[in-house]
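Dear colleague,

I am handing over the model we spoke about, and my notes on it follow below. Please read them with the structure open.

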Amino acid sequence: MKLAIFDDHRLGVVTSEGVADVTAALPWPYDPDPLTAGWWRRLCRDLPSIRGELERAAKERPPVPLDAVRLLAPALNPSKIVAAASNYADHVAEMHGVQERTLGRVESWMMNFDIFLKAPSAICGPADDIVLPPAVLEAGHEIHHESELVVVMGTVGKDIPESSALDHVAGYTLGLDMTVRGEGDRSRRKSYDTFSPLGPYLVTADEVGDPADLDIRLSVNGAERQHVHTSTMITKVPAIVAYASSVMTLLPGDLIFTGAPPGVGPISPGDTLVTSITRIGEMHLHVH
Ligand code: MN
């Protein structure tokens, strides 16, 4: 099942015919205010028990064409965005050159797999533009795209064993981990507003299948820059979830970016980014 948040934070089920508004089928009072709404996190937690009702409601409502709605990010008030670093060998290799150019040296500790945090306020949706901060551009820093598979957590977990990690996953979406290169902590360099475009949908784990059998692609102005198969992740999704949950309790709706494929590079105002993942979807994003 594909779930979308659209227009005034309505909930939709997406099919080949469009999006059906199933907001009224939610089994709790609906709060459209994105600052106070907790329904999305409950939805992520309780998806197995309410998806039947959502699927029934979707069949009863006429679908609206996707181009007639404004898709928002398929995430609402996550307690955190966890992100994996250095998770594809070819990306780790290319970062030596990137760091020499943008930092003037190679930070060897950054070449090892680990996790860090991005601000949830950096999330934007598939209909939004990526805004490059003028002060960052004026200072001469490169701002890079990292096109990543993103895990959406379902049930709460701490110290989750790798063997049951996927049981805690509600589904997956596609995200860009936009990044300023240069000096400074990752949490600042990756947390500017609009630096986490997400979408176009949350695709449930059963529909995505094996998260290690997906193609991630990204092109800039029609030229392909990133194309990777997720089987080449150094630390696979179950191990990322297990590791992250050994540090912090993972809550429903939390997001986990799974690491940049090789081919990262700078973008500029006026660029158009097209990114896609098998069985998840595609986003066209403009850069301002
Ligand atoms: Mn990244």
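A salt bridge is counted here when a side-chain nitrogen of Lys or Arg lies within 4 Å of a carboxyl oxygen of Asp or Glu. By that rule, three salt bridges cross the interface of domain 1 and domain 2 in what is, please keep in mind, a predicted model. The domain assignment places domain 1 at residues 2-71 and domain 2 at residues 81-286. On the side of domain 1 that touches domain 2, the elements giving two or more residues are strand E1 (2-6) and helix H1 (39-60), and H1 gives the most, with six residues.

As to the extent of the interface, 13 residues of domain 1 are in contact with 19 residues of domain 2, and the two domains bury about 1,300 Å² between them, 62% of it on carbon and sulfur atoms. Of the area that domain 1 buries against domain 2, 42% is supplied by Lys2, Cys44 and Leu71, more than by any other three residues.

I also looked at an open sheet of four strands, which run in the order E14-E13-E17-E18 with antiparallel pairing. Strand E14 (223-229) and strand E18 (281-286) are its edges, each pairing on one side only, and neighbouring strands are turned by 10° against each other on average, direction ignored. Strand E13 (residues 215-220) pairs with E14 over six bridges, and Val220 has Ala223 of E14 as its bridge partner.

With best regards

How values were computed
Residues are numbered from 1 along each chain as its sequence is written. This is a predicted model: local features need pLDDT of at least 70, side-chain atom pairs count only at pLDDT 80 or more; totals for chains, interfaces and linings use all residues. Side-chain values use heavy atoms; hydrogens and water are left out. Two strands pair if DSSP finds at least two bridges between them. Axes are lines fitted to C-alpha atoms, for helices over the stretch in contact, and angles run from 0 to 180 degrees between N-to-C directions. Domain bounds come from an automatic or database domain assignment. Contact means heavy atoms within 4.5 Å. Buried area is the accessible area (1.4 Å probe) that two parts lose on being put together, summed over both.
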